[in-house]
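Here are my comments on the model, point by point. Please read them with the coordinates open.

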Amino acid sequence: MGLSLWLPGAPVIAALVTLFLPARAAGLSRLVAGVGFAVSLVLAVLAWAGYPGAGYAHVSSFSWFTLPNVWLGHNLTIGLSFGVDSLSLPLLTLTAVIALLAVVGRPSPEGRARVYRFWQSLFAAAILGVLAALDLFTFLVALELALFAGFFLIQQFGGPRRRHAAYKFLLYRGFATIGVLAAFLGLAYGLAGLYYQGATVASTPKLPASVGSLTFSLPTLQHDIAHAAPVFGGTRPALFLVLLLAVFIEEAFVPFHTWLPQAHEQADTATNMLMGGIMTKIGAYILLRFGVGMLPDQVHRFSLLLAVFGVINILYGAFAAWAADGWRRLIAFSSISHMGLVLLGISAMNAAGLQGAMFMMVSSGLLTALLFFISGAIEERTGTSQMGQLGGLSKPMPMLSGFLLFAALGSLGLPLTSGFVSELQAFLGAFAGHPYLSLVGALGLILSATYLLYAMQKTTFGPAAPPAAALTDARPVEYLPLVVLTALVLVVGVYPAVIGDLFGLSAHTLLGIGG
Amino acid sequence: MPDLIHQPYWLTMGPLLIVSVTAFVVMILEFIFLKGLRRWLVWPALAGVLAALVPAVEHLWAKPTAALNTVMIDGFASVFTLLILVSAALILLFSYAYSAEQPLAAEHTYLILFGVAGALAMASAVDLITLYIGLELLSVASYVLVAVRRKSVRAVEGGIKYLIMGSVGSAVLLYGMSFIYGISGTTNLVQLGQLGGQLYQQYPAIVLLGFILMLCGMGFKLSLVPFHMWTPDAYDGAPSPISSFLATLSKAAAFAMLLRMLLFIFNGVATEVFYWAGIFAAATMLAGNLLALPQRNMKRLLAFSSVAQAGYALIPLALIGPSYTDWTGLFDSLAFYLFAYTFMTIGAFAVVSVVGQSSQTATDDALHGLYQRSPWLAGALTVFLLSLAGMPLTGGFLGKFYIFMETIHFQAVWLGVLLFVASVVSFYYYLGWVRHMFRRDADAAAVQPIHAGPVMNLVVALCVAGTLVLGVVPAALLHPLQWVQWF
């Protein structure tokens, strides 16, 4: 039995343990949550080191329960099943890193450590679960858990308008989950239905024998759907569009974007790191795993739609970030802009585009988490993240300002940072697919330089805001997230092969299926 | 003298007889007992219910057998008998714990038992007359139970409303039955089942009319929209254990009776009429959840929530199609959902009653900062609410998921999608409560801790266990259900 179960399992156990700790022991519950994520991180690294190079590895599969007679006399066995592959491994590692740093770098809210750490552990565990799930039901359970845990994190520990933001988060993502559910069941039943509609295995000899029986197992579905593609025809566009709609909501793409900036504005810093760093990457992961991986012909078919939405989001995100008056909104919109580029890269359906999209997910995750951490640290000291009320921070806190400058430069794609590698590859791929649209999308690069440097200038330079004298620079414990995230951004930027090998493999696997 | 003892029908009617006898014994004991001791009558009553569980479990996988042509013991009856007895046991414990805080007329114990006896008859009878008598036994007991605190204006108002609406429902049901009797000349469901298709071909309009009238009549009991108007008033006026009795036990019995009647009378060709129930299900899910949104009173909110939940549970009935062999999945999903629903609803009512008593208010302000006052109760209520809302790893999620799978199976995906849309709407009010509970009072010293009695804690703990077990290891129920021979 592989170790994948414990990737989400360790933080789940940590969450349960925190419930039984004494209410006042804030340090203890923080420690427990940290240990949970540390175990996940170690396991993720081990899984990476031991990855054989193809397919799903370290699989832990249990059959959970059986729903009798749900489809023409077939039973449906539902599994609790986890595993890793070249697409999920870097994302899992990223998740564990960000979650661990969020615990190390940010203290618990006063007097409520236990509840906070419980939901935090559960939230990150659920995201790990989504990324590692190899069974549709497991996937959905994890997705819903992330939804509820995220809701409670925002609603319990957020800012003054947290209630509104939390409900918006819940409703938008709740509907997205229904879309994912519908698409999943459509895939599973679509394959099972081949039997029903007379396209039996016997009449189309190339179909594998498992086609025609209902299964939720991801590897089986992936295998079957590739072979059944010519038969299982008419419903594919509809399924893909439902999936795409869900992905758009998950990714907060225009016009379904309003929940994300609001959630980011209200949530606390550690939650923002988790949401911006990894949760917003789940939509793209779903698109890669289920769209590109299972319905590649539909991605080709709707390639223009994806590209147009990608460009719209790059530009809209950039303009909205420019117009933002606070760092939280700016980072939220710049993350939407990043994810627009991910969409554009995927739309090209070539190796460079896909690989660029995957790079962008990791890069945007690292940089968004770093930016949120720094802006949170600034806000903690000055009491605001509004650019208009900040200024001259480079004098009282040179280190934080320096890291902020680095993160901004990384985010706008300076060479030697992960942002550069990602943008380069994604645009290389995109230009091959949709040259004119990509040209328009490339304007986003210029815009991002504009808004980030403008915001930097307002925050760190210029005349200092009144209480500047009393401000302190980063505390020792805060250096850990700053340094680690910065180092990772540089490592990916200087030596992209560190994740590029796996992502290249993944891109080729995905394209190999689609042709 | 013929052998009175060794007759098979005693065994077949086991649970029903045990509960009825217990009810009479408790009634007589109530005259004898001193006033101060009458609260203890719950224990013999509980013993009777638990004793009745023994034959019920024994029958679970038995072959269908009929007794005296009026009572049938088949998988269907056994599963619902089990459900009714389990909820009866929980409700009795709940009412015992409740009466420790607020005196409740001692009659309520045997009235509950008579209600249970009626419910058991509804689950196992196969004759329209017997079914109707069971229903009336349950209804009359419930009318009295709702108004048992007769000095409270709200209780009397709720009781009267329930009495009037319930009687209208019974009359409509009887009217529907009379059409069926009129064209077939029999009240026996087994005989009707053999006639079913033939009747529909001869008198399609009358059969359809009978179906709709019977559905509407039972709709009052199930509080389906638009027959739900009595629900909030009755639930609000009744003591909390009785509200949970109406929400779970009485609804489970009504589902059993509705399904039994409709399946036996309208099977065969007439199954297309079942699609009409889908309209009720859709209206009930949506209206129940939308009406709950502005509700501040805790018990009224739970009432609307139970309206919506009945809508979810009606979906399997609306899916009944011509293929007999596929029905088992429908019954499995209905039974699973009702079990999960029973645990989470009784649990929610229990916590709400404790909280309401200690803070002397019926609005959700009572929940404010509950986590600080009692982490255990707040945690338990969170589990129930999340399960009602449909969070994974709780029974409620799996129940909904199973019903959703069935809607795909029977090609009525619109109902399944509506089920999930309605659930997302319900997130708003269920999670609103959770928000209240975890809110903090700035002044920690002013917080008054809440302590529930041991029996109340037991009820809550059992319900938490049931809700979580059904969510985490659903095989515990799904597996036994798989071997049930429904009819």
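1. Start with A:P255, which sits in the loop between α8 (236–250) and α9 (259–266) of chain A. A cis peptide bond links A:V254 to A:P255, with omega about 5°. Bear in mind that this is a predicted model.

2. Chain B has a cis peptide bond too, between B:V225 and B:P226. Omega is about 10° there. B:P226 lies in the loop between α9 (204–222) and α10 (230–237) of chain B.

3. Check two phi values in chain B. B:L393, in the loop between α16 (375–389) and α17, has a positive phi near 70°. B:L393 is partly exposed, with 17 other C-beta atoms within 10 Å. B:Q411, in the loop between α17 and α18, has a positive phi near 55°. B:Q411 is exposed, with 9 other C-beta atoms within 10 Å. Neither residue is a glycine.

4. Now the contact between the chains. Chain B puts in 27 residues and chain A 25 residues. On the chain B side, α14 (327–359), α17 (395–409), α18 (413–437) and α20 (475–482) each supply at least two residues. α18(B) gives the most, eight residues. By class, this side of chain B has 18 nonpolar, five polar and four charged residues.

5. The largest nonpolar core has 397 residues. Among the members that touch the most others are A:I127, B:I84 and B:V116. α14(B) provides the largest share, 21 residues. Beyond its sequence neighbours within four places, B:V116 contacts B:V19, B:V49, B:I84, B:A88 and B:L249.

6. Last, helix α7 (residues 218–228) of chain A. A:L218, A:L221, A:D224, A:I225 and A:A228 are buried. They lie on the same side of α7(A), because they cover an arc of only 130° around the axis.

Conventions: Residues are numbered from 1 along each chain as its sequence is written. Chains are lettered from A and ligands numbered from 1 in the order in which they are written. This is a predicted model: local features need pLDDT of at least 70, side-chain atom pairs count only at pLDDT 80 or more; totals for chains, interfaces and linings use all residues. Two residues are in contact if their C-beta atoms, placed from the backbone, lie within 7 Å. Helices (H or I, at least four residues) and strands (E, at least two) are DSSP runs, numbered from the N terminus. Ala, Val, Leu, Ile, Met, Phe, Trp, Tyr, Cys and Pro count as nonpolar, Asp, Glu, Lys and Arg as charged, and the others, Gly among them, as polar. A residue is buried if 20 or more other C-beta atoms lie within 10 Å of its own, exposed if 12 or fewer, and partly exposed in between; C-beta atoms are placed from the backbone. The arc is that of the directions from the helix axis to the C-beta atoms. A nonpolar core is a set of buried Ala, Val, Leu, Ile, Met, Phe, Trp, Tyr and Cys residues joined through C-beta atoms within 7 Å.
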